[in-house]
Amino acid sequence: MSAVGENIRRIREEIAEAALRSGREPSEIRLMAVTKTVDDKRILEAIEAGVDIMGENYIQEAKRKIEAMDVDVKWHMIGHLQSNKAKYAVRLFDMVHSVDRMGLAAELDKRSAAADRVTDILVEVNVSGEESKSGVRADDAPALVREIARLDNLSIRGLMTMPPWFDDPEDARPYCVALRELKDRIAAEEIPGVEMRELSMGMSGDYRVAVEEGATIVRVGTAIFGARV
Ligand SMILES: *Cc1c(COP(=O)(O)O)cnc(C)c1O
C-alpha cells in the first residue's frame, strides 16, 4: 500500500474510534482529502484508497485537476471564493463549503440557474471571531441562512468552520461545540428548504475532536499527504 493509502487507513480507523467513543456510527462521517498543491499521482493514490471527496481551495488549480484527471469522485470547494468566480465554482464543484455572505450566494444562485442546476452549499461560520478568518459571524449566521434559503438554485445542507490552529487539539473543542449548537439552533427554526445535516469541521490536527463533537465531513490534507510545499 502507498504511504498515502496507509495514512488514510489509519485516519479512517481513528475516525471510527472517535465516532464510537461519542456514540455515533462511523458511517455518519465522510473523509475529504484536501488536495491543494497535491500532485495528481498522490490524489490518485487517495482515490485508490477509497476516498471519494476531494477538497480544493483555488478555482484555477481545481479546474486543471478536475478536467485533466477525469475521475469519478466529488469535488468540493473549501477555499475563499470571490463572487466573480461563482460561474466556475458552479460548473466545477458538487458542493461549496465557503459561502459566507449574501453577495456570493446571490451570484452562485444566478449562475446555478443559468446552468439549470441546484448547487449544494454550506454556510461558513467564523466561530472564533478572528479578524483574519473568512466566514459569517456566528450571531449573523441564522439571518444569512434565512436569506439564502429564499434562493431557488441553492440548497443549504449545513455549516462549515475552520477553528484557529492549536498545538493541543482539545483547544479546538469549544469551537466545534459552538458550530454544532449553532446548527441545532438553526435547524430548530425549520426554515423551508434548509437541511441542517452537514457539519464540515476537523482538519489534520483536530479531526478526532471534531468527530466527537458531531462532524459529518472532516477535511484532512497534511495528515494524508504530508506537509504542503
Ligand atoms: C487546507 C485546508 C484544510 C486541510 O488542512 P490540513 O491541516 O492540511 O489538514 C482544511 N480546510 C480548509 C478550509 C483548508 O483550507
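## Packing of α2 and α3

In this predicted model, helices α2 (residues 40–48) and α3 (residues 59–69) pack at an angle of about 65 degrees, their axes 12 Å apart. Helices are DSSP runs (H or I, at least four residues) numbered from the N terminus; axes are lines fitted to C-alpha atoms over the stretch in contact, with angles from 0 to 180 degrees between N-to-C directions.

D40, I43 and L44 of α2 meet R64, K65 and M69 of α3 (contact: heavy atoms within 4.5 Å). These comprise 3 nonpolar, no polar and 3 charged residues.

## Ligand site

Residues around the ligand (a heavy atom within 4 Å) include V34, K36, I78, M162 and T222. Ligand oxygen atoms lie 2.8 Å from a side-chain N or O atom of N57, 2.5 Å from one of S204 and 2.8 Å from one of R228. The protein buries 92% of the 390 Å² that the ligand exposes when taken alone (Shrake-Rupley method, 1.4 Å probe).

## Basis

Residues are numbered from 1 along each chain as its sequence is written, and side-chain values use heavy atoms, without hydrogens and water. Local features need pLDDT of at least 70 and side-chain atom pairs pLDDT 80 or more, while totals for chains, interfaces and linings use all residues.

How values were computed
Helices (H or I, at least four residues) and strands (E, at least two) are DSSP runs, numbered from the N terminus. Ala, Val, Leu, Ile, Met, Phe, Trp, Tyr, Cys and Pro count as nonpolar, Asp, Glu, Lys and Arg as charged, and the others, Gly among them, as polar. A polar contact is a pair of N or O atoms within 3.5 Å; within protein, one must be able to donate a hydrogen and the other to accept it, and residues adjacent in sequence count only if both atoms are side-chain atoms.
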